Amino acid sequence: MMLQNWCKLTFLHWRFPPASITSRVPPPLELESFDGSAWVGITPFWLSGLRPPSLPALPWLSAFPETNCRTYVRGPDGCSGIWFFSLDAARAAAVVGARIGYGLPYAWSRMRVQVTGPRVLYKSRRRWPDQTANTRIEVEPGRPIENGELEVFLTARFRLYSFIGGRLTYTRVEHPPWPLHAAQVIHLEQTLTRAAGLPEPDGEPTVHFSPGVTVRISRPKLVGAARRVPACSGGSLSSEAT
């Protein structure tokens, strides 16, 4: 249904006791943990080339910053995926379209991604539906790294869950494996977790950076219909098409 590129993306992840996050995940979804911990991620990036498969990308409307706050879950169909606490984007039209079409908690924010030498700066200030969430995140990417078990758990997520009209849906996402780099946090301010009603993160985040991937996103489908397709299908572009 939709093509786009996710560029200059930083993964910031914190460990949490599972009991502190479980209540923020609606049933029938179940929180997934790794190494005994739940994980909450903030992922700022630059989105470009947003378009339906049959149409060209429009220069201004199809490119903008986005920042997500998320955790990791398993659906009643047995498939792993992402649960979003919030998604901030800098284009009001994209925010409205995603809220209506995908049931996702998008917010309209004033945002910027700035590259200065080796460093990447992400800034956001929420404008609607509230004004409670801001970020200022600066990182410096380093050397490429291999995807270990933790990196796969945190980044190899090819399904998102949301509710549309009170019914649980899933959306499949296909892209190549993330090319990951080590990264150092230069500056970090964020109130996304507080705005989502989450506990304050404790300690330094686990940080990964990626130059980006090309992405294909399907239409939302009812979770009950997932059993009619290969289990937990979706993934890299070499997998079965959407």
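## Terms and basis of the model

Buried means a relative accessible area under 20%, exposed means over 50%, and partly exposed covers the values in between, with a 1.4 Å probe and protein chains only. By that scale Glu 174, at 0% relative accessibility, counts as buried.

The structure is a predicted model, in which local features need pLDDT of at least 70 and side-chain atom pairs count only at pLDDT 80 or more, whereas totals for chains, interfaces and linings use all residues. Residues are numbered from 1 along each chain as its sequence is written, and side-chain values use heavy atoms, with hydrogens and water left out.

## Salt bridges

Side chains of opposite charge can pair when their charged atoms come close. A salt bridge is taken here as a side-chain nitrogen of Lys or Arg within 4 Å of a carboxyl oxygen of Asp or Glu, and by this rule the count comes to 10 salt bridges. Three of these pairs are described below, with their positions given by helices (H or I, at least four residues) and strands (E, at least two), which are DSSP runs numbered from the N terminus.

## Arg 15 with Asp 35

The side chains of Arg 15 and Asp 35 meet in a salt bridge with an N to O distance of 2.8 Å. Because Arg 15 lies in strand E1 (residues 2-16) and Asp 35 in the loop between strand E2 (30-31) and strand E3 (38-51), the pair ties together parts that are 20 residues apart in sequence. Arg 15 counts as partly exposed at 40% relative accessibility, while Asp 35 is exposed, with a relative accessible area of 56%.

## Glu 32 with Arg 74

In the salt bridge between Glu 32 and Arg 74, the closest N and O atoms are 2.7 Å apart. This pair links distant parts of the chain, with Glu 32 in the loop between E2 and E3 and Arg 74 in strand E4 (residues 64-74), 42 residues apart. Glu 32 counts as buried at 10% relative accessibility, whereas Arg 74, at 35%, counts as partly exposed.

## Arg 216 with Glu 174

Arg 216 forms a salt bridge with Glu 174, and the closest N and O atoms are 2.5 Å apart. Arg 216 lies in strand E12 (residues 206-217) and Glu 174 in strand E10 (residues 167-174), so the pair ties together parts that are 42 residues apart in sequence.

## Backbone features

Most residues other than glycine have a negative phi, and most peptide bonds are trans. Lys 8, which is not a glycine, has a positive phi of about 50 degrees; this residue is found in strand E1 and is partly exposed, with a relative accessible area of 37%.

Two cis peptide bonds can be located in the model. The bond from Pro 27 to Pro 28 is cis, with omega near 10 degrees, and Pro 28 is found in the loop between helix H1 (18-22) and E2. A cis peptide bond also joins Trp 128 and Pro 129, where omega is about 10 degrees, and Pro 129 lies in the loop between strand E7 (119-128) and strand E8 (134-144).
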